Amino acid sequence: MKEVPMRYGYSAQLREDLNVQVLAALHARGIVNVAAVAEEVRRRNLAENIALEDVECLVVQVSQLYGAAMEFDGLTAIVEECGPPADGELAENGSLGFQDAAAESGLR
């Protein structure tokens, strides 16, 4: 198996978590939600002090290694856990999270 080239020397634990979480998402859903997997890996490795954007990049690299289909919709994971933010209210990531018609009608 080809090793994913990583710019920085990440710990073996972080690399293992990346592989396990990507494969778990791939086997469970047939697709890797990059934002959700990256957040899970980041939370499991807080001591690494790695930015979410960097973990997302690593998730994409590992997903490509396995030839996995990827989803880049981070709002799905946030909505499932926390519910949609109110119109005009800042989301946790600092962005404006406006509800769309599908979310308001209960369709997800």
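Below is a short chat about the predicted model shown above.

Visitor: Okay. How many helices and strands are there in the protein?

Guide: You will find 5 helices and 2 strands. Helices (H or I, at least four residues) and strands (E, at least two) are DSSP runs, numbered from the N terminus.

Visitor: And what pattern do they follow along the sequence?

Guide: The pattern reads α-β-α-α-β-α-α.

Visitor: What share of the residues is buried?

Guide: Of the 108 residues, 27% are buried. Buried means under 20% relative accessible area, exposed means over 50%, and partly exposed is in between (1.4 Å probe, protein chains only).

Visitor: Let's zoom in on α2. Which residues are buried there?

Guide: Helix α2 spans residues 34-44, and its buried residues are V34, A35, V37, A38, E39 and V41.

Visitor: What covers them?

Guide: The cover includes helices α1 (12-29) and α3 (52-66), along with strands β1 (32-33) and β2 (70-71). Contact here means heavy atoms within 4.5 Å.

Visitor: What caps the N-terminal end of α2?

Guide: That is N33, with a side-chain oxygen 3.3 Å from the backbone nitrogen of A35. A polar atom of the N33 side chain also lies 3.2 Å from the backbone nitrogen of A36. A polar contact is a pair of N or O atoms within 3.5 Å; within protein, one must be able to donate a hydrogen and the other to accept it, and residues adjacent in sequence count only if both atoms are side-chain atoms.

Visitor: Where is N33 itself?

Guide: N33 sits in strand β1. At 11% relative accessibility, N33 counts as buried.

Visitor: New topic: how many salt bridges are there in the whole structure?

Guide: A search finds 3. A salt bridge is a side-chain nitrogen of Lys or Arg within 4 Å of a carboxyl oxygen of Asp or Glu.

Visitor: Which residue does D17 meet in a salt bridge?

Guide: D17 pairs with R44, at 3.5 Å from N to O. D17 is in helix α1 and R44 is in helix α2, so the pair ties together parts that are 27 residues apart in sequence.

Visitor: Are those two buried or exposed?

Guide: D17 is buried at 4% relative accessibility, while R44 is partly exposed at 47%.

Visitor: And which residues are linked in a network of salt bridges?

Guide: Those are E39, R42 and R43. The closest N and O atoms are 2.7 Å apart for R42 and E39, and 2.8 Å apart for R43 and E39.

Visitor: Is E39 buried or exposed?

Guide: E39 is buried, with a relative accessible area of 18%. R42, at 23%, is partly exposed, and R43 is partly exposed at 44%.

Terms used:
Residues numbered from 1 in each chain as written. Predicted model: local features only at pLDDT ≥ 70, side-chain atom pairs only at ≥ 80, totals over all residues. Heavy atoms only, no water.
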